[in-house]
Structure formats: C-alpha cells, structure tokens
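Me: Please take a close look at one part of this model with me. I'd like a connected picture, with the cut-offs stated as you go.
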Amino acid sequence: MLPYSDEYFMQQALKEARYAFEEEEVPIGAVVVINNKLIARGHNQVERLNDSTAHAEIIALTSAFNHLGAKYLPDATLYVTVEPCLMCCGALYWSKIGRIVYGAPDEKNGYRHITKENWPFHPKTELSGGVMADECAALMKEFFRLRR
C-alpha cells in the first residue's frame, strides 16, 4: 500500500478546522498519524470549553495519548493547519512527537523564528511547513474577515 501524502492528511486537518469555523472557534485543525493511519483528531475548542489551552494540537495530542495508552509519540506525525504557538510547541516537545507538518505560517502567534539554538521541539522531531498553506490561510482570513 502506498502511503498517503502530506496533502492528504492536511486535508483531514482542514476538515477539523472547518468544524471549528462552524462552531465560531478560530479555525485550526489537527490530526495525528502513525504508520499511515489517522489515530486522533482535534480542532480549537477554546470558546466551547472556556479554556485558553484547548487548542487543536492539544486536543489531538490528548486523543492520541488516550488511543495508544502512551505518553510519548515518537513514531507519530502531527498535521496542523497553522504553525503551532509557543504553548503547543511545549506540549509537542513533551510528547516527543516524531514529525510536525503545518500549513500556514502565523506571523503573530506562531513560533516561526526557529534555529538550532532555540529549537522548541524534541531534538529528534522533524518539522515541515507550508503544506497547503494557501488553503489553510484562506480559512483563517475568512474567519477574521467575518468578525471585523
């Protein structure tokens, strides 16, 4: 069986982001994949849960931990529609996740200025950005356009 592409799994994260959009949450979605199998999903639920830590990444990580019965995810990939914030970087660090793939950059809240000296993830974590960035950014822009 051929592995699914990063674009395929980012489309799954975008589905989650659209659920957040429909719930009037900032439209960010995330999925966790191991061995080409989607094992966990999440989207922002900050407003619904009245919890500023209820970001898509945190919800997807918690679901993955529960699914596996483990606290580390070295063989997993997280796909998230927008570059993780510093809080989510910390959670991803402690998860020891193997790979992170994000869509759109986040100039305001993302952790963009990554170098070897200030790497916010586990040393073995790989990072890729810009997958379906235009689609991910368009959803965010539409969300904020409707609220201004």
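Reply: Helices (H or I, at least four residues) and strands (E, at least two) are DSSP runs, numbered from the N terminus. This is a predicted model, in which local features need pLDDT of at least 70 and side-chain atom pairs count only at pLDDT 80 or more, while totals for chains, interfaces and linings use all residues. Residues are numbered from 1 along each chain as its sequence is written, and side-chain values use heavy atoms, with hydrogens and water left out.

The five strands form an open sheet in the order 2-1-3-4-5, and their pairing is mixed (two strands pair if DSSP finds at least two bridges between them). Strand 2 (37–43) and strand 5 (126–128) are the edge strands; each has a single partner strand, so one side of each has no neighbour in the sheet. On average, neighbouring strands are turned by 15 degrees against each other, direction ignored. Axes here are lines fitted to C-alpha atoms, for helices over the stretch in contact, and angles run from 0 to 180 degrees between N-to-C directions.

Helix 3 (residues 56–68) touches strand 1, strand 2 and strand 3 (76–82), and the direction of helix 3 makes about 140 degrees with that of strand 2. Helix 5 packs on the sheet against strand 3 and strand 4 (99–104); the direction of helix 5 makes about 60 degrees with that of strand 4.

Strand 2 pairs with strand 1 (residues 29–34) in the antiparallel sense, over six bridges. Within that pairing, Ala 30 has Gly 42 of strand 2 as its bridge partner, and Val 32 stands opposite Ala 40 in strand 2. Strand 1 and strand 2 make a hairpin with two residues between the strands. In this hairpin, Asn 35 takes a positive phi near 50 degrees.

A salt bridge is a side-chain nitrogen of Lys or Arg within 4 Å of a carboxyl oxygen of Asp or Glu, and a search of the whole structure finds three of them. Two of these involve strands of the sheet and helix 1. Arg 99 and Asp 6 meet through their side chains at 2.7 Å, N to O. Arg 99 sits in strand 4 and Asp 6 in helix 1 (residues 6–22), so this pair links distant parts of the chain, 93 residues apart. Arg 41 and Glu 16 make a salt bridge at 3.6 Å, N to O. Because Arg 41 lies in strand 2 and Glu 16 in helix 1, this pair ties together parts that are 25 residues apart in sequence.

Note on methods: Contact = heavy atoms within 4.5 Å.
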